[in-house]
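Subject: Structure for your review

Hello,

Here is the structure I said I would pass on. My notes on it follow below.

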Amino acid sequence: MNYKTALKNNIFEIISKASQELKLESYVIGGFVRDYLLQRNFKKDIDIVAIGSGIDLALKVSELLPNKPKVQVFKNYGTAMLRYKEIDIEFVGARKESYAEHSRNPVVENGTLEDDQNRRDFTINALAFSLNNENYGDLVDPFDGLTDLENKILRTPLSPDITYSDDPLRMMRAIRFATQLNFTIEANSLEAIERNKDRIKIISGERIVDELNKILETPKPSIGFLHLYKTGLLDIILPELTALNNVEEIEGHTHKNNFYHTLEVVDNICPNTDDVWLRWAALLHDIGKAPTKRFNKKQGWTFHGHEFLGGKMVKKIFERLHMPLNQKMKFVAKMVMLSSRPIVLSEDIVTDSAVRRLVFDAGEDVDNLMTLCEADITTKNPAKFKKYHNNFDIVRRKIIEVEERDHVRNFQPPISGEEIMQLFDLKPSREIGILKESVKEAILEGEIPNDYEAAYAFVLRQAEKLGLKKVV
């Protein structure tokens with residue numbers, strides 16, 4: 001079957017011409033071919049395999065291009081890359097690979113196209129279009145990957161035990177592709193993931209997180225996390241999550257399954273945000289519940305302080321998986337720590353004071369927090385569901401109203417510590433902290449408006465109680 005129409009971008013003709021000049025064969029392989037056949041959006045990266053030197057081919061292609069783009073060469077891997085019109089093109093020589101037990105870095109030898117297709121992770125990623133004159137645009141499909149595409153099946157070219165043991169990251173990729181494409185992982189392949197799950201321990205946290213992020217970026221991440229759970233990978237990667245799948249009953253009292261609830265929350269939040277870090281917050285929002293779970297005869301099951309502990313656990317997870325320990329981690333931790341606050345507000349009468357405190361603590365992230373809390377409502381009782389969401393609408397309106405009036409988002413005290421020192425001729429002391437805190441509390445409680453004149457008068461009154469006198 002011929003697919004010349006897939007190769008209408010002139011870069012393919014240039015690669016074909018460069019291959020002729022070097023007297024070698026070349027093929028476009030992998031994701032570009034798969035996504036073209038699936039009629040998915042082109043992701044702007046192309047993989048080219050050469051029967052010969054991929055580096056030489058990249059250099060020759062650069063020579064033939066009008067702007068002579070810079071070629072990045074990775075000699076250790078025998079690969080090269082260049083960018084043309086915002087398209088990243090990677091060139092590799094056809095190769096066969098062998099792996100050591102404790103490494104996913106292969107020993108590489110030159111090989112044929114068939115050798116190169118054998119080493120691919122899945123049959124749907126081993127599909128190739130010829131760039132050679134005699135059969136330009138022909139599909140090369142030794143493993144019947146086209147049928148797997150049509151049947152939405154993920155299958156490995158070789159035995160799945162070999163494929164996954166050689167490079168354990170492929171287990172994560174199988175689950176990620178199944179989630180992204182809504183494909184089924186072939187039964188033998190799924191069983192092989194379970195058998196080889198412990199091999200994931202040789203993979204770096206950064207690589208694992210990259211796959212987790214891609215799962216979280218899909219419309220329904222629960223598909224991937226259920227696969228991760230059922231194969232045993234999740235217990236190795238995020239045991240804090242699997243610990244939530246433990247429902248106990250004492251004296252007729254049970255609690256909801258917080259693991260499956262979490263997956264619902266993650267799915268619920270997806271239509272409302274593209275922010276992968278807010279999706280991480282949804283994934284981790286209840287992780288403090290397993291270690292704080294207690295049974296009380298009067299109250300039943302309790303999870304006191306789970307939000308605070310969960311926020312602390314976020315940092316440990318980010319450290320363990322080598323995730324960024326910057327504002328992204330702080331954002332996720334803050335969302336987890338505050339995750340129940342709007343829910344509590346939605347259950348009670350919504351006071352201005354409570355809303356001011358919520359906005360003060362959440363700052364610029366208050367809208368994200370509300371999105372998370374709305375996703376957290378997974379009750380199947382229609383009356384309760386409607387009540388919660390109606391109350392959340394009230395909270396959202398209150399936030400707008402209070403913020404327009406009181407300006408407590410990213411709160412800055414209207415009277416500074418330096419001015420307090422000058423007013424009462426003070427050196428740095430605990431009294432300054434007491435006065436600043438009293439101003440903040442008075443504003444949050446609604447005792448005084450958030451403006452300078454009111455704060456100034458309030459500080460004078462509070463200072464008098466502390467025995468401080470204004471310097472004349």
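This is a predicted model: local features need pLDDT of at least 70, side-chain atom pairs count only at pLDDT 80 or more; totals for chains, interfaces and linings use all residues.

Val266 is part of helix α13, which covers residues 258-269. Buried means under 20% relative accessible area, and Val266 has 1% relative accessibility, so it counts as buried. Leaving aside residues up to four places away in sequence, Val266 touches Leu216, Pro221, Arg279, Ala282 and Leu283. His285 is 19 residues from Val266 along the chain, and the C-alpha atoms of the two are separated by 9.7 Å.

Next, the nonpolar cores. In soluble globular proteins, nonpolar side chains tend to be buried together. The largest nonpolar core here has 130 residues. Val28, Val61, Ile89, Trp280, Leu284 and Val332 are those with the most contacts inside that core. For Val332, the residues touched are Trp277, Trp280, Ala281, Leu284, Val314 and Phe318, again not counting residues up to four places away in sequence. There is also a second, separate core of seven residues, with Tyr27, Ile29, Val49 and Ala128 among them.

Then the sheet. Strands of a sheet pair through backbone hydrogen bonds, either parallel or antiparallel. In this model seven strands form an open sheet with mixed pairing, and their order is β3-β4-β5-β2-β1-β8-β9. β3 and β9 (139-140) are the edge strands, each pairing on one side only.

- β3 (residues 72-74) and β4 (residues 79-84) run antiparallel and are joined by three bridges. Val73 stands opposite Ala80 in β4. The hairpin of these two strands has four residues between them, and Gly78 takes a positive phi near 65°.
- β4 pairs with β5 (residues 87-93) over six bridges, in the antiparallel sense. Leu82 is opposite Ile89 of β5, and Ile89 is also one of the residues with the most contacts inside the largest core. This hairpin has two residues between its strands, and Lys85 in the turn has a positive phi of about 50°.
- β5 and β2 pair in the parallel sense over six bridges. Asp45 has Asp88 in β5 as its bridge partner.
- β2 (residues 45-51) and β1 (residues 25-29) run antiparallel, joined by five bridges. Ser26 stands opposite Ala50 in β2, and the bridge partner of Ile29 in β2 is Asp47. Ile29 also belongs to the second core.

Last, a helix pair. Two packed helices are described by the angle between their axes and the distance between the axes. How do α19 and α21 lie relative to each other? The axes of α19 (residues 352-362) and α21 (residues 382-406) come within 9 Å and cross at roughly 80°. Angles of 65 to 115 degrees count as roughly perpendicular, and α19 and α21 are therefore roughly perpendicular to each other. On the α19 side the contact is made by Asp352, Val355, Arg356, Leu358 and Val359. On the α21 side it is made by Val395, Lys398, Ile399, Val402, Glu403, Arg405 and Asp406. By class, this contact of α19 with α21 has six nonpolar and six charged residues, and no polar ones.

Regards

Definitions and conventions
Residues are numbered from 1 along each chain as its sequence is written. Side-chain values use heavy atoms; hydrogens and water are left out. Axes are lines fitted to C-alpha atoms, for helices over the stretch in contact, and angles run from 0 to 180 degrees between N-to-C directions. Angles under 35 degrees count as roughly parallel, over 145 as roughly antiparallel, 65 to 115 as roughly perpendicular and the rest as oblique. Contact means heavy atoms within 4.5 Å. Ala, Val, Leu, Ile, Met, Phe, Trp, Tyr, Cys and Pro count as nonpolar, Asp, Glu, Lys and Arg as charged, and the others, Gly among them, as polar. A nonpolar core is a set of buried Ala, Val, Leu, Ile, Met, Phe, Trp, Tyr and Cys residues joined through side-chain atoms within 4.5 Å. Buried means under 20% relative accessible area, exposed over 50%, partly exposed in between (1.4 Å probe, protein chains only). Two strands pair if DSSP finds at least two bridges between them.
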